[in-house]
Amino acid sequence: MRFILGDQLTRSLSALEGLDPADDIVLMVEVAEETSYVGHHKQKIALILSAMRHFAQSLREEGIRVDYVALDDPANTGSFGGELERAVARHKPEAVVVTEPGEWRVWEMMQDWREELGVPLHIFPDTRFICSRTEFAAWAHGRKSYRMEFFYHEMRRKTGLLMDGQEPEGGQWNFDPENRKALPKGVAPPERGGFSPDGTTREVLALVARRFPDSFGDLEPFRWGVTRADALAALQSFVTEALPRFGDYQDAMKTGEPFLFHSLISPYLNCGLLEPLEACQAAEDAWRRGDAPLNAVEGFIRQIIGWREYVRGIYWLEMPGYAQSNALSATRKLPWFYWSGETEMNCLAQCVGDTRRHAYAHHIQRLMVTGNFALLAGIAPAQIEDWYLAVYADA
């Protein structure tokens with residue numbers, strides 16, 4: 001039995017390798033525990049549940065047996081462990097196979113499953129990442145400090161992205177100083193129409209409206225993609241329409257423009273509908289064709305093989321104590337306007353308002369506005385961390 005989590009919607013997932021449709025079964029479950037451990041944005045819940053249902057259907061179309069437990073199934077126990085136990089009783093598998101999770105919280109659950117299931121549990125590495133947990137720990141061992149820039153150089157060498165032999169294309173590793181321009185008057189970002197919900201997504205939206213009426217954020221209009229095809233279309237749209245100016249204006253903000261030239265693909269990377277290398281290669285190909293400048297492509301690739309991989313590595317290196325860290329002894333509670341958006345501070349009001357409407361904010365809104373205010377105001381780290389986890393579709 002291959003157990004697939006809601007952020008593992010990737011056909012090449014390690015838990016699906018060697019799957020035999022004649023003998024194996026895939027288990028997917030929607031459980032209340034995962035929708036409520038923080039008060040997730042309504043659109044985030046809808047995105048994950050709809051993407052799960054579409055992924056299950058794509059497996060069925062391959063002739064693979066899928067045991068799928070919906071959130072509103074009357075017999076649903078509401079937890080991963082409970083649904084695994086029920087599935088083992090139903091199917092009596094010789095073993096259960098999973099891919100390691102993205103959260104320490106679920107990793108601890110998996111250790112309990114070894115004792116509770118009564119059948120062998122095999123946990124495979126998540127090979128969708130460029131740097132494994134073991135590889136990052138080896139890189140970090142013995143270092144006095146963990147500079148992302150040095151780690152990023154290693155990932156460039158490993159992947160060959162934007163490399164000319166052993167040297168970086170353009171003669172330098174990082175073009176960030178060129179990526180800090182203000183948005184000039186008259187420069188209009190591309191339209192970001194998104195995707196129209198199909199019947200499956202409409203059913204999920206109705207379910208979320210019923211089950212989570214008091215959760216943060218607006219549920220509609222819901223414009224996120226929920227399939228592999230949608231995610232590929234979103235990537236292509238970004239590369240064609242926004243990447244050429246992404247570099248110059250990636251640090252800009254403008255009232256009424258929540259997306260500017262950002263990619264909007266992070267939710268698809270994080271739930272598995274896109275893989276990081278294919279996103280980076282699409283951007284690199286645009287540069288090699290002459291369709292996007294080097295500073296834009298390097299800046300985009302750095303976010304994925306640099307920051308994304310680095311932060312994951314630090315997380316697994318430092319957990320579980322990392323979640324309680326508080327180096328500046330900050331103790332203030334998170335102000336209510338982080339949820340309501342009702343404040344006379346315009347930047348915060350705009351950023352929170354955009355987040356309520358779209359379950360998204362770009363990295364300057366997150367880092368320089370909501371993050372910097374929390375830092376300067378002395379907000380307890382655990383409180384702002386829970387907020388970040390709750391409000392974004394890609395959290």
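1. Helices (H or I, at least four residues) and strands (E, at least two) are taken here as DSSP runs, numbered from the N terminus. On that basis the protein has 16 helices and seven strands, and W113 is found in helix α4. The model is predicted, so local features need pLDDT of at least 70 and side-chain atom pairs count only at pLDDT 80 or more, while totals for chains, interfaces and linings use all residues. Residues are numbered from 1 along each chain as its sequence is written, and side-chain values use heavy atoms, with hydrogens and water left out.

2. Overall dimensions. The radius of gyration, taken over C-alpha atoms, is compared with a globule rule of 2.2 Å times the number of residues to the power 0.38. For 395 residues a compact globule would have a value near 21 Å, and the protein agrees with its 21 Å. The C-alpha trace spans about 60 × 55 × 45 Å along the principal axes of the protein.

3. Burial and surface. A residue counts as buried under 20% relative accessible area, as exposed over 50%, and as partly exposed in between (1.4 Å probe, protein chains only). Of the 395 residues of the protein, 54% are buried by this criterion. The protein exposes about 18100 Å², of which carbon and sulfur atoms supply 52%. These areas come from the Shrake-Rupley method with a 1.4 Å probe, and for residues only the protein chains shown count as cover.

4. Contacts and charges. Contact means heavy atoms within 4.5 Å. Among contacts between residues at least 6 apart in sequence, 76% join residues at least 24 apart. There are 41 positive and 56 negative side chains, and the centres of the two sets lie 3 Å apart. Lys and Arg count as positive and Asp and Glu as negative, with His and the chain ends not counted; each charge is placed at NZ of Lys, CZ of Arg, CG of Asp or CD of Glu.

5. Helix α3. This helix covers residues 80-91, twelve in number, and reaches 16 Å from its first C-alpha to its last, close to the 16 Å expected at 1.5 Å a residue. The expected span of a helix is 1.5 Å times one less than its number of residues. F80, G81, G82, E83, L84, A87 and V88 are the buried residues of α3. They pack against β1 (2-3), β2 (25-29), α1 (32-36), β3 (65-69), β4 (96-99) and α4 (104-116).

6. W113 and α3. Leaving aside neighbours within four places in sequence, W113 is in contact with F3, F80, G81, L84 and L121. F80, G81 and L84 are among the buried residues of α3. The C-alpha atoms of W113 and T77 are separated by 15 Å, with the two residues 36 apart along the chain.

7. Helix α14. The 13 residues of α14 (residues 346-358) should span 18 Å at 1.5 Å a residue, and the end C-alpha atoms, 18 Å apart, agree with this. L348, A349, C351, V352, G353, D354 and T355 are buried in this helix. Their cover includes α13 (337-340), α15 (363-377) and α16 (381-391).

8. Most residues other than glycine have a negative phi, and most peptide bonds are trans. K92, which follows α3, has a positive phi of about 50° although it is not a glycine. A359, which follows α14, likewise is not a glycine and has a positive phi of about 60°. K92 lies in the loop between α3 and β4, and A359 in the loop between α14 and α15. K92 is exposed, with a relative accessible area of 66%, whereas A359 is buried, at 0%.

9. Cis peptide bonds. One joins E220 and P221, with omega about 5°; P221 is in the loop between α7 (199-211) and α8 (228-241). Another joins M319 and P320, again with omega about 5°; P320 lies in the loop between α12 (294-318) and α13.

10. F259. This residue lies in the loop between α9 (243-249) and α10 (266-271). F259 counts as buried because its relative accessibility is 15%. Not counting residues up to four places away in sequence, F259 touches R192, L264, H358 and Y360. The C-alpha atoms of F259 and W224, 35 residues apart along the chain, are separated by 13 Å.
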